[in-house]
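Subject: Structure handover

Hello,

Please find the structure below, with my notes after it. Let me know if anything needs another look.

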Amino acid sequence: MNLTSFRTLFLTAALLILPAHASAKILLGSYYGDEGWNMTQVDHQEAWQGKPDAVVHLFTDWDPLHTGNLFDQQALAVWNHGSVPMISWMPYFGVTTPIDISARIAAGEYDLYLNDWVTRMLTFLAGPDGVYSTADDRRVYLRFAHEMNSNWYMWGIDPSAYIAMWQHVHDIFAAKGIDATRLQWVWSVNNTDHSFYPAEQYYPGDSYVDWLAMDGYNWGISQPSSGWQSPTTVFDGMLTRLHALSPSKPVAISEVGSSSDSAGIDPYADKSQWVFDLFQYTQNKNIGMVVWFNRDKEMDWATFGGQAGDESYLAYNAYASYRLAVATLPDVLLDRNSARLISDADFLSDPTAGTGTGAFTLPPMATNPYASVTLELLSSWTGGYCARAHMASTQDINDWTVDLYLSEPLIGLWGTGYQMLNSHELRATAVNNNYLLHAGEATSFDYCAHGTLQTSVISGIHTTPFTSLQVDTPSLYAQGNFIASWIGGYCFEVIIHNKTAQNQPWLGMLLSLKDSTINTSWNATYAAASGDIVVSPLSWNAMISAMSSINVGFCADGRNHVDMILP
Amino acid sequence: MKKILSMTLLIFFSTAAYADQSEHELNTTGSCPRCSLSEKKMENANLSGADLSRSMLRKVNLRGADLSRANLSGSDLSGANLTRANLSHADLFGANLTKARIKGANFTGARLAGAIWTDGLPCSLSAAPGVCR
């Protein structure tokens, strides 16, 4: 088989494994490299891929000399082409940019520039009639001060200054009356932290952000420290963190690309597989927007118009995998005959439609003798919702699970572990920071799913009581107690009582520890530190006097789950 | 043998061609942010004021080049030859200069905050010239 036939076979097979149904609409976009100048390549790419780009990405900085071109030429060209511009607005204006630019912006030092820029934005958004809030208004995704959790942009040096800057800039937009149906704020992080601070510390707050976004690339084996990374490896860690940060916000992938620098025999096929995997991932994870970085830069990121590909269109090299993957995507309703191109709901990814617990009948609370679980609606939209499960213990427990029946597929669950029992039923499981609940304590986890919360059911609560263990034999009685317990460790003591009128030998016992390791012990010999452990008496307590007791015990790191067998 | 040869050519093409595209972009526009110029020979090049931010410049030969007021923030200049290069008032915020050769280079007024100096240490811990903060 030659490479071409191998690739064709591979592409066909890869297409077959894409989800058969569309899980959610998606805003498809691209960065093509010319910042709104000369849109010919975008025209050609759309003809090649058979679908329009709802979003076209461009970068601009804070040089006042660039403001006129941005609104009069670049963003206008993108809009007139029939796409919503996503403007990456970088607070930088060359080597004279002060290193504390964020703090200075927050302090109002650049308000003159800002007010001019926002006024120009308002005029742009007002559309051809020049009157804001009319039927011909335009739209913009504003990605301000992106990748702040990096070490390559100075606006991320100080998280508190960054937040103050963001809020100050946002407030100026709000004061001009710019609303969410015209302009969406995109808070965009790098997929991994390269700053002294994690991305979360830069979050300006839910009321200042409309979209959470992340940038990530597969560098292949090009870097000394990198390897071939799947889309899941590139994005899943940060996606989990973003959902935890704000479960109800839509998530975008604002920059993405893959190198073909693989260790495989056919780098084109490896990159093609990566493209398929990305779009499968975005559908599985309900990503609302994907903007491909379609320009060869540090690496050969492009899938259209780059220096390599496995097919050609006009004079462009292209990757067929992108075209085929895009063909299977659920459509976004981009109407180029409409003055506003897309609906408000699609522009916002409709994160709040239907919100309000008053409109819903929540599933009933579930209880068992040790705990109860209630569900709270966090947000909902057409076809999906996010909810929070509150688990409150009424007695001491040291392990728990909660089963939920969902009428439609799960999107994701955050705040604890889980496993799918079948296609509709999931089991939320305790993890190391929430398995131990004393009476009156509570924990919670969040999840998002398709469908509606009304059709969810709490189908089970399972708890392990935090009680003593007793073992009775004809001559001895043993009682084990957790004499101390904390998150991450515990101490366990066994009192062995000779209940007869004669001295009795104690031959030892078997303890079984689940997920813990002994770090100290007393009054016995422990054959191991974890797992199933044979506990043997010492010379002085191998014989227990009539009607007397001895005690042995240990302290361990880990979860306090102990089983005990006394021969 | 033919199959192995064709695969080798494909790999070579895919990894080398985008570097040529970067060089073309730099030559035609005078700037090339996020570009791949590692190991390129650019001795005595006039790149004054160029935007080369976040670029891959490993082992690039910039001996005697004019990089004054250039934006090199976030760039990887590890192993680069910067002998007698003019980096005055250049922005090297967050740049990696590990093992770069800098004999006779001019760093007057260069911003080196967050940069990794030639000895592999953060600028603030090194005897780096320029402005670390």
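Predicted model: local features only at pLDDT ≥ 70, side-chain atom pairs only at ≥ 80, totals over all residues.

Residues are numbered from 1 along each chain as its sequence is written, and chains are lettered from A and ligands numbered from 1 in the order in which they are written.

Chain A has 10 helices and 29 strands (DSSP runs numbered from the N terminus: H or I of at least four residues for helices, E of at least two for strands). Of its 567 residues, 45% count as buried, that is, with 20 or more other C-beta atoms within 10 Å of their own, the C-beta atoms being placed from the backbone. Among contacts in chain A (C-beta atoms within 7 Å, again placed from the backbone) between residues at least 6 apart in sequence, 73% join residues at least 24 apart.

One open sheet in chain A has 3 strands in the order β9-β11-β10, with antiparallel pairing (two strands pair if DSSP finds at least two bridges between them). Its edge strands are β9 (304–306) and β10 (311–313), each pairing on one side only. From one strand to the next the twist averages 55°. Strand β11 (residues 316–318) is joined to β9(A) by 2 bridges, and A:F304 stands opposite A:A318 in β11(A). Helix α2 (residues 40–49) of chain A packs on this sheet and touches β9, β10 and β11; its direction makes about 130° with that of β9(A). Angles here run from 0 to 180 degrees between N-to-C directions, with axes fitted to C-alpha atoms, for helices over the stretch in contact.

Helices α8 (residues 267–284) and α9 (residues 320–327) of chain A pack at about 20°, with axes 8 Å apart. α8(A) is therefore roughly parallel to α9(A) (angles under 35 degrees count as such). The contact involves A:S272, A:V275, A:F276 and A:F279 of α8(A), and A:S321, A:Y322 and A:A325 of α9(A).

Regards

Notes: Contact = placed C-beta atoms within 7 Å. Parallel < 35°, antiparallel > 145°, perpendicular 65-115°, else oblique. Buried ≥ 20, exposed ≤ 12 C-beta atoms within 10 Å, placed from the backbone.
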